[in-house]
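Look at the structure first, then read on.

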Amino acid sequence: MTMVRGGLIGCGFFAHNHLHAWQEIGDGAITALCDRDEERLRDAGQKFGISNLYTDAAEMMARESLDFVDIATTVATHRPLVELAAGAGLPVICQKPFAESLSDARAMVDACARAGVPLMVHENFRWQAPIRAVRAVLDSGRIGTVFWARVSFRSAYDVFSGQPYLATSQRFILEDLGIHILDIARFLFGDVSRLSAVINRVNPKIRGEDVATVLMLHESGVNSICDCSYATALAEELFPQTLLEIDGSRGSIRLNANYELIVHSNGVTERQTVAPVLHHWACRPWHNIQESVYAIQKHWVDCLASGTVPETSGDDNLKTMTLVAAAYQSAAGNLAPVDVATLT
Ligand code: NAD
Ligand code: 89Y
């Protein structure tokens, strides 16, 4: 496969995972880095052996010969940077949450469409190996027609020390983490027509909500509950595992703690472990997320080579972002039912 050359913008906490994964992918490589913070820029350049360093993204795009840009900044800068990349005619990957508002997100998708450049949102949780394993069981039809599901993420892991902005943002868990959980629900059970949600803030030291519960009716007829919490101290801390309960007409699936997958189908029970691979650069407990970073970036390189649309294209991600917006709207109305189509 031909090597594609990328420029990465934002060399902070999470970008190091992108950079490790790009190095391992091999046929996609980062040849230039950009960060407004010179120290972070220099550190990342040294660590990954990249010497084309910029503090200005426009300058990097103008001077370098790039096949794509990978935006790993926080949400406030996503719109200007995506529009800059579209203006430069460069295919673009953008981290989640894609945008601060649905209207910004639509404008960004439109800008890329007008420029004719591929756009993928780095919505990686659906690429986690355990989630893919569950999807394969669903696709096999072994549990029949799904009618009910729960997608659950409950933890008290300290995410604030690595990502301090999460403690000060007005919106927290739905926008930061719930977006992945809602995307997993869409990935497994299809698009959503109606939802109701409730949110709380338990941790008095943070600004936004750290607990959210969303009840959804999918177009497929599935009823699902997505629940997430960063205020739940469990006997065993499971960060960053997403647990699943799925009931179908001929059986059930459970994705339990520590990646135990139980499939009960037609009276027969099978148990297996679907743990993520520990990449040589990864560290527990983040390895589940880190493996999915590798998987989504590999998918991007494959899509660029084949000219296919990435699974989590901008268009696709608008639907996940709509669920986040609908959940906040419902929560503001104390569990008010929201017809998702009214937001699209
Ligand atoms: P961070 O604050 O540690 O790093 C962001 C970096 O971007 C900073 O170094 C900042 O100087 C730089 N930056 C901001 N605007 C810039 C601009 N216009 N030009 C150049 N550099 C600029 O943030 P982080 O924790 O690494 O998070 C980055 C993104 O990754 C967030 O959107 C976050 O939600 C996301 N994230 C995703 C996952 C996942 O699993 N997908 C996990 C963690 C974080
Ligand atoms: O930012 C979040 C994400 O995308 O995955 C986990 C996280 O790092 C903290 O909630």
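Why is helix 1 (residues 15–25) largely enclosed by the rest of the structure? Nine of its eleven residues are buried, so the rest of the structure largely encloses helix 1. Buried means under 20% relative accessible area, with exposed over 50% and partly exposed in between (1.4 Å probe, protein chains only). The buried residues are A15, H16, N17, H18, L19, H20, A21, W22 and I25. G26 follows helix 1 with a positive phi, near 85°. Helices (H or I, at least four residues) and strands (E, at least two) are DSSP runs, numbered from the N terminus.

The model is predicted: local features need pLDDT of at least 70, side-chain atom pairs count only at pLDDT 80 or more, and totals for chains, interfaces and linings use all residues. Residues are numbered from 1 along each chain as its sequence is written, chains are lettered from A and ligands numbered from 1 in the order in which they are written, and side-chain values use heavy atoms, leaving out hydrogens and water.

**Ligand sites**

Ligand 1 is surrounded by 26 residues; the closest are F14, D35, R40, N124 and Y165. Around ligand 2 are K96, F125, V159, Q163, D176, H180, Y230, W286 and I289. Here, a residue counts if one of its heavy atoms lies within 4 Å of the molecule. The table lists polar contacts (pairs of N or O atoms within 3.5 Å).

| Protein atom | Ligand atom | Distance |
|---|---|---|
| F13, backbone N or O | ligand 1, oxygen | 2.9 Å |
| Q95, polar side-chain | ligand 1, nitrogen | 3.2 Å |
| K96, backbone N or O | ligand 1, oxygen | 2.8 Å |
| K96, polar side-chain | ligand 2, oxygen | 2.9 Å |
| D176, polar side-chain | ligand 2, oxygen | 2.5 Å |
| H180, polar side-chain | ligand 2, oxygen | 2.7 Å |

On its own, ligand 1 has 860 Å² of accessible area, and the protein covers 90% of it. Ligand 2 taken alone exposes 270 Å², of which the protein buries 93%. These areas come from the Shrake-Rupley method with a 1.4 Å probe.

Strand 11 (residues 243–248) and strand 12 (residues 251–256) run antiparallel, joined by five bridges. Two strands pair if DSSP finds at least two bridges between them. I246 has I253 in strand 12 as its bridge partner. A hairpin of two residues links strand 11 to strand 12.

Strand 12 also pairs with strand 13 (residues 260–265), antiparallel, over six bridges. The bridge partner of L255 in strand 13 is L261. Three residues lie between the strands in this hairpin, where N258 takes a positive phi near 60°.

Definitions and conventions. Polar contact = N/O pair within 3.5 Å; in protein donor to acceptor, adjacent residues only side chain to side chain.
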